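Work through the exercises below with the sequence and the model side by side. Each task is followed by a stepwise solution.

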Amino acid sequence: MPRANRKRRRSPPPEMHRNNRYKESPPDFSLLASLYPSFRQYLLFPSSSDRPAIDFTDLSATRELTRVLLLHDHGVNWWIPDGQLCPTVPNRSNYIHWIGDLLSSNLIPLITNSDSNSEKLVRGFDIGTGANCIYPLLGASLKGWSFVGSDVTEIALEWARKNVESNPHISNLIEIRDARKSRSLDGELASTTMPSDHVLVDVVKEGESFDFCMCNPPFFESLEDAGLNPKTACGGTSEEMVCPGGEQAFIHRIIEDSVSLKHSFRWFTSMVGRKVNLKILISKIREVGATVVKTTEFVQGQTARWGLAWSFLPPRRNLISPNAPIKTDLSFMLQGLQRKAGAFQVLKSVETFFLSKGASCKSDLASFFVNQITISGELAGEMFNDGTKTDSAIDGFSFRIAVFEQTPGTLLLRGSLLRKDSSNAGAFQLLFSQLEENLKMEFLHKSGG
């Protein structure tokens, strides 16, 4: 066995999305100041650098930077009044590009309806679009997507509509919707001055379908918490910044509504501000029966945020290309484990994961095997069918998971189908990838943000 003091390989730090225009070319403040004189007054010239900067604790400076970036790089006219949340364009662009990745992966098939066709526009729903309306404006200008943006305050709804109307080239793609309006018992629209506990239910109209929803939730439990970061000042009203219970409680509301609207969205997504909340939220999503959960990390400068996505629609079975070699043996590594997280603890989590899926397990923990994991035909049909009805039954299958210690802090997990045929290789691969994501989230993402 290699020596215990051998240096562990660290995962590369996360970066901006590869399609983000600011990944390779950060904003050129000198160029922007020469083109937009209103921005020039906010430039600072630190003696330690040849490049000008701005004071990111100055709301007027950050607002003007957002305005000129949207105009210069995206052809979008934009403004918000004092006190409203001012978004950063590079970070919000990361979220848009990640949703593009989810949609293009085709892991979750399109929602079919009587009006569907091959030219159907991608349609998104922005929960709490704010006065800035940043996601619909970016999604429409970058991707040509259509949007419904909802909110609950008069000033947010007024300025979101103004920002849409200021961009006639994309205004037909964006609808701003008052989330305080809901249907009364007799089916008529009723308006209330108070938002309900729902964020999607009653706001999404009967018969509507969307490719995704997205949300930049209120991150904080109080305005005092919101003011703890002295390095930035992006403004924001109490409705934008604060929710009883913080972001975890707000995203729980999205999860609860997603159960009622599971057939109306391909993907439900939200931004998450604290890494420590990811595991709790993923557990909740698994608990309510989501078929797929995905996460990512968004990075801009010193700020990190996380993306969380889930779906209730059955993933495609044909995940493996017909021309690709069939794999009935799969493996992955867990690297950088804490000392208390050994092979036994990981194996117990493997067992718990499959039991929670409804599988049966015969474990031999002394030999570091979950020796026979069986997915019944009925369970396989529920988990992996592609949403079409068929007269043929889906076969069950069995496999085993073994855990091997490579070096201190590094484990190898290997999964093998017990019957070496290809009929269930796609389902096995999907389930094994879900296990990998679950274990990495449990054992490698425990530090709080």
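**Exercise 1.** Which backbone oxygen lies 2.7 Å from a polar atom of the side chain of Thr66? Describe the setting of Thr66.

Solution. The oxygen belongs to Pro87, and the 2.7 Å distance runs to a polar atom of the Thr66 side chain. A polar contact is a pair of N or O atoms within 3.5 Å; within protein, one must be able to donate a hydrogen and the other to accept it, and residues adjacent in sequence count only if both atoms are side-chain atoms. Helices (H or I, at least four residues) and strands (E, at least two) are DSSP runs, numbered from the N terminus. Then list the neighbours: beyond four places in sequence, Thr66 touches Trp78, Cys86, Pro87, Thr88 and Val89, where contact means heavy atoms within 4.5 Å. Finally, Thr66 has 4% relative accessibility and so counts as buried. The classes are buried under 20% relative accessible area, exposed over 50% and partly exposed in between, with a 1.4 Å probe and protein chains only.

The model is predicted: local features need pLDDT of at least 70, side-chain atom pairs count only at pLDDT 80 or more, and totals for chains, interfaces and linings use all residues. Residues are numbered from 1 along each chain as its sequence is written, and side-chain values use heavy atoms, with hydrogens and water left out.

**Exercise 2.** Take the positions annotated as "binding site" in UniProt and describe Gly128 and Asp151.

Solution. The unreviewed UniProt entry gives this annotation to Arg92, Gly128, Asp151 and Asn216; positions follow the numbering used here, feature names are shortened, and annotations may be inferred rather than shown by experiment. Gly128 is in the loop between strand S1 (123-127) and helix H5 (134-143). Its 40% relative accessibility is why Gly128 counts as partly exposed. Asp151 lies in strand S2, residues 146-151, and is buried because its relative accessibility is 10%. Beyond four places in sequence, Gly128 touches Ser150 and Asp151. The contacts of Asp151 include Gly128, Thr129, Arg177 and Arg180. A polar atom of the Asp151 side chain lies 3.5 Å from the backbone nitrogen of Thr129.

**Exercise 3.** How many of the 10 residues of H5 are buried, and what follows the helix?

Solution. Seven of the 10 are buried; Tyr135 and Leu138 are among them. Gly144 comes after H5, with a positive phi near 75°.

**Exercise 4.** In what order do the strands of the open five-stranded sheet run, and which helices pack on the sheet?

Solution. The order is S10-S14-S13-S12-S11, with antiparallel pairing; two strands pair if DSSP finds at least two bridges between them. S10 (329-335) and S11 (360-364) each have a single partner strand, so one side of each lacks a neighbour in the sheet. From one strand to the next, the twist averages 20°. Antiparallel strands S13 (397-407) and S14 (410-417) are joined by eight bridges, and Arg400 stands opposite Ser416 in S14. Helix H11 (343-356) touches S10, S11, S12, S13 and S14, its direction making about 160° with that of S13. Helix H13 (425-444) lies across S10, S12, S13 and S14, at about 10° to S10. Axes are lines fitted to C-alpha atoms, for helices over the stretch in contact, and angles run from 0 to 180 degrees between N-to-C directions.
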